[in-house]
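Work through the exercises below with the sequence and the structure at hand. Each task is followed by a solution in steps.

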Amino acid sequence: MSINEEIISVEEEIRKTPYNKATSFHIGRLKAKLARLRDEVIKKASSKSGGEGYSVRKSGDATVTLVGFPSVGKSTLLNKLTGANSQVGAYEFTTLDVIPGVLEYKNATIQILDVPGLVKGAASGRGRGKEVIAVVRNCDLVLFLMDVFHPQHYQVLTQELYDAGIRLNQKHPDVVIKRQDRGGVTISSTVDLEMPDELIKTILGEYKIHNAHVLVRESINVDQLIDIIMGNRVYVPAIAVVNKVDMADEYVLKKCKREFPDATYISADKEKNLQEVRDVIYDALDFIRIYLKPQGGPADLEEPLIVRSGTTIGDICDRLHRDFRRKFRYALIWGKSAKHPGQRAGLDHVLRDKDLLTLIIAK
C-alpha cells in the first residue's frame, strides 16, 4: 500500500468511527498516524523538487502573501495596491514566479507577494505547490483572494495549507514537551484538561516518545497536541477578500456574503473598495508605533518605528543596528508598557503602542 493509499484508508476510518469516550483513544492514534503520513508525503515532495524553489527576501515591516486559485485576480490586486508589474492575463497560471510589491500605508512599509495560484493537491507538490507553500510559511499574513463565483475554493485552499502544517488564525498552544532519558511520561497542567492523561501518553507513544515531561497551560485537543509533537507548524493570521463583485448579480453576491460575512468585497480591476483592503491588511498585521528618544534629547514624534505587536527591546536593537544587542546596557521606557515613567528595562521587555524608547548602548 502506498503512502497516499494509507492516508485515504486512515481518513476513511476516522470518518466512519463515531467519536465518544470509548473510541477517543483509537481516533487519537489514527490522527497521529495521519499527521505522520502527511508529513512523509510533504517531505517526499520537497526532495523531488531538486532543491529548486522561490527565493524571496523579506523586506519592510511585514510580508503579506496573496493566496488563491489561478486567474482569481491576484496579479491585478497586487498591481493596483503597490504599482508592481505582475503580468495579468485572462488565463490560468499567468504568474509563474513570485512577484513582490510594496505598499506604503500609515507609515508602514508592507511587502506583498503574488505567488502562482494554488490548486487542490498543492501540499503534495502539485502545481508548484511546495514552492508556493514555502513562501506562505514564511510570511506574516495570508490574504485569501477568492472569486465571487467560486467561494468553495476557500475550503480547498485552507485545507491545503492545513495539510502543509500552516495554522491560520491560531496561536501556538501553551504546551511544552521536554524529552527525558528515563522516568516515563509525566503530565503537569495548570488547567482542567478534557483529554485524559492516558490519551496524551498514547499519542506520544505513536511518535515513540516514552519518556518526557509535558507541561500544559491551556486546554488543548488531540490535533493541537499532535501539532506540538510534530514541532514544524507555523501560525499565521489570515484575511479573506472576495474579488470580481462587479461581475456578480445581487443573488450571487448575497449568497457569498452569507457564507463569508467578514470578508472584504472588491473589484480589483475596477478599483472598488481597495481602500478597505489596505485598512484590513494594516489592522490584521497588528502594528504598533514606537517613538525613539535619544538620551538627553526630545523624542521623535514625527516618524515612529512601525513594528508588530509583541516586539521586544531586543528586536528593536536587531532592527536598528547589528551591534546594538551586543553593546546593549539598558533601556528607558515611557508609555503603556512601563510601570513608571522612565522605567529601566532589559532586552526581553515587550513594548506597547506609542511607547517612548531610549537605548543606552556601550561605546
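**Exercise 1. Find the largest nonpolar core, its residues with the most contacts inside it, and the elements that supply it.**

Solution. The model is a predicted one.

Step 1. The largest nonpolar core holds 27 residues, and L77, I110, I112, L143 and I281 have the most contacts inside it.

Step 2. At least two residues of this core come from each of β1 (62-67), α3 (74-82), β2 (99-105), β3 (108-114), β4 (141-147), β10 (238-243) and α9 (274-284). The largest share, four residues, is that of α9.

Step 3. Take L77 and set aside its neighbours within four places in sequence: its contacts are then L66, L143, L145, I266, A268 and L274.

**Exercise 2. State how many helices and strands the chain has, and what share of its residues is buried.**

Solution. 

Step 1. The chain contains 11 helices and 16 strands.

Step 2. Of its 363 residues, 47% are buried.

Step 3. Among contacts with a separation of 6 or more, 67% join residues 24 or more positions apart.

Step 4. The C-alpha trace spans about 70 × 60 × 45 Å along its principal axes.

**Exercise 3. Decide whether helix α7 is mostly covered or mostly open, and describe what lies at its start and what follows it.**

Solution. 

Step 1. α7 runs over residues 222-230, and eight of its nine residues are buried, so the helix is mostly covered.

Step 2. The buried residues are V222, Q224, L225, I226, D227, I228, I229 and M230.

Step 3. At the start of α7, the backbone nitrogen of D223 has a side-chain oxygen of N221 within 3.2 Å.

Step 4. After α7 comes G231, with a positive phi near 75°.

**Exercise 4. Classify N211 as buried, partly exposed or exposed, and list what N211 touches.**

Solution. 

Step 1. N211 sits in the loop between α6 (197-206) and β8 (212-216).

Step 2. Buried means under 20% relative accessible area and exposed means over 50%. N211 is partly exposed because its relative accessibility is 23%.

Step 3. With neighbours within four places in sequence left aside, N211 is in contact with R179, Q180, D181, R182, G183, G184 and V185.

Step 4. A polar atom of the N211 side chain lies 3.3 Å from the backbone nitrogen of G183. For the backbone nitrogen of G184, the distance to a polar atom of that side chain is 2.7 Å.

Step 5. K178 is 33 residues from N211 in sequence, and their C-alpha atoms are 8.8 Å apart.

Key: Residues numbered from 1 in each chain as written. Predicted model: local features only at pLDDT ≥ 70, side-chain atom pairs only at ≥ 80, totals over all residues. Heavy atoms only, no water. Core = buried A, V, L, I, M, F, W, Y, C linked by side-chain atoms within 4.5 Å. Buried < 20%, exposed > 50% of the residue type's maximum accessible area, 1.4 Å probe, protein only. Contact = heavy atoms within 4.5 Å. Polar contact = N/O pair within 3.5 Å; in protein donor to acceptor, adjacent residues only side chain to side chain.
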